[in-house]
Amino acid sequence: MSDANGTHGAKGSSNGGNGPNNGVNGSNGVNPEKDLSASNLPGQRGQGGEEVRVQRGMFGANNGGDTSGYGGLVRSVRLPGAASRPYGGWFDEVADELEGALEEQGLLPDNAIEKTVVDRDELTFHIEREHLPRVARTLRDDPALRFELCTGVSAVHYPNDKGRELHAVYHLRSITHNRLIRLEVSAPDADPHIPSLVSVYPTNDWHERETYDFFGIVFDGHPALTRIMMPDDWQGHPQRKDYPLGGIPVEYKGAQIPAPDQRRSYS
């Protein structure tokens with residue numbers, strides 16, 4: 001619940017746009033109130049974060065077939081780490097309101113929010129999967145937050161991110177306040193279950209079905225979780241990184257089409 005001004009008690013410092021914006025006019029619609037003074041710099045990506053894999057070469061060729069000249073390239077692939085306050089502008093306001101609203105419901109914010117990331121002028125809350133519906137309902141219903149619209153959910157597969165290989169990503173839009181944030185939830189390959197948000201955001205119905213179809217995330221509580229693009233008896237989930245990219249047969253009900261390299265020879 002909110003007080004008469006529609007705000008909860010702030011847990012962290014927030015300038016909320018009280019200072020000059022140093023030329024940031026908000027034309028990109030991301031964070032128009034951000035104060036870039038020395039005392040209020042948002043969290044930066046930097047060289048920190050969490051390493052999920054080391055990429056060798058430019059295009060992933062590992063059999064000597066890389067003729068690009070980048071075969072010796074070695075690059076660390078990292079996810080951005082947690083940001084520290086102040087996040088900048090309305091990011092602090094949203095974080096304070098969400099944490100205060102969860103506390104009023106008897107839920108410790110640290111138990112629901114794994115980390116808060118500010119990266120490339122975007123705000124992402126990483127949510128523990130069992131608390132996702134409550135957090136989403138709070139973001140939707142609280143007067144000071146009012147993220148009325150979820151524009152969909154998709155997923156990312158990080159095979160080397162052990163214990164949380166599957167990441168579901170939700171984009172939430174506040175029409176009332178003209179703000180955009182993200183929620184991110186992870187699940188392991190061995191237990192790919194995440195609560196459905198169809199009861200909170202009905203427009204997620206087909207988005208969750210597509211994400212299930214392509215990534216294999218099981219959205220518990222979905223009213224009709226079935227494949228939406230691939231045939232019902234298709235084996236595997238085509239957008240996972242460990243899914244074969246070529247030389248595989250195409251499987252349909254009662255029929256099997258040979259793999260491309262076995263269909264016809266033109267030489």
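Glu122 and Arg182 join their side chains in a salt bridge, with N and O 3.0 Å apart. A salt bridge here is a side-chain nitrogen of Lys or Arg within 4 Å of a carboxyl oxygen of Asp or Glu. Glu122 sits in strand S4 (residues 122–127) and Arg182 in strand S7 (residues 179–187), so the pair ties together parts that are 60 residues apart in sequence. Strands (E, at least two residues) are DSSP runs, numbered from the N terminus.

This is a predicted model: local features need pLDDT of at least 70, and side-chain atom pairs count only at pLDDT 80 or more, while totals for chains, interfaces and linings use all residues. Residues are numbered from 1 along each chain as its sequence is written, and side-chain values use heavy atoms, with hydrogens and water left out.

The whole structure holds 15 salt bridges.

| Pair | N to O distance |
|---|---|
| Glu122 and Arg182 | 3.0 Å |
| Asp141 and Arg140 | 2.6 Å |
| Asp161 and Arg164 | 3.0 Å |

Glu122 is partly exposed at 35%. In the next pair, Asp141 is partly exposed at 38%, and Arg140 is partly exposed at 23%. Asp161 and Arg164 are both buried.

Salt bridges link Asp161 and Arg164 with Glu50, Glu114 and Lys115.

Key
Helices (H or I, at least four residues) and strands (E, at least two) are DSSP runs, numbered from the N terminus. Buried means under 20% relative accessible area, exposed over 50%, partly exposed in between (1.4 Å probe, protein chains only).
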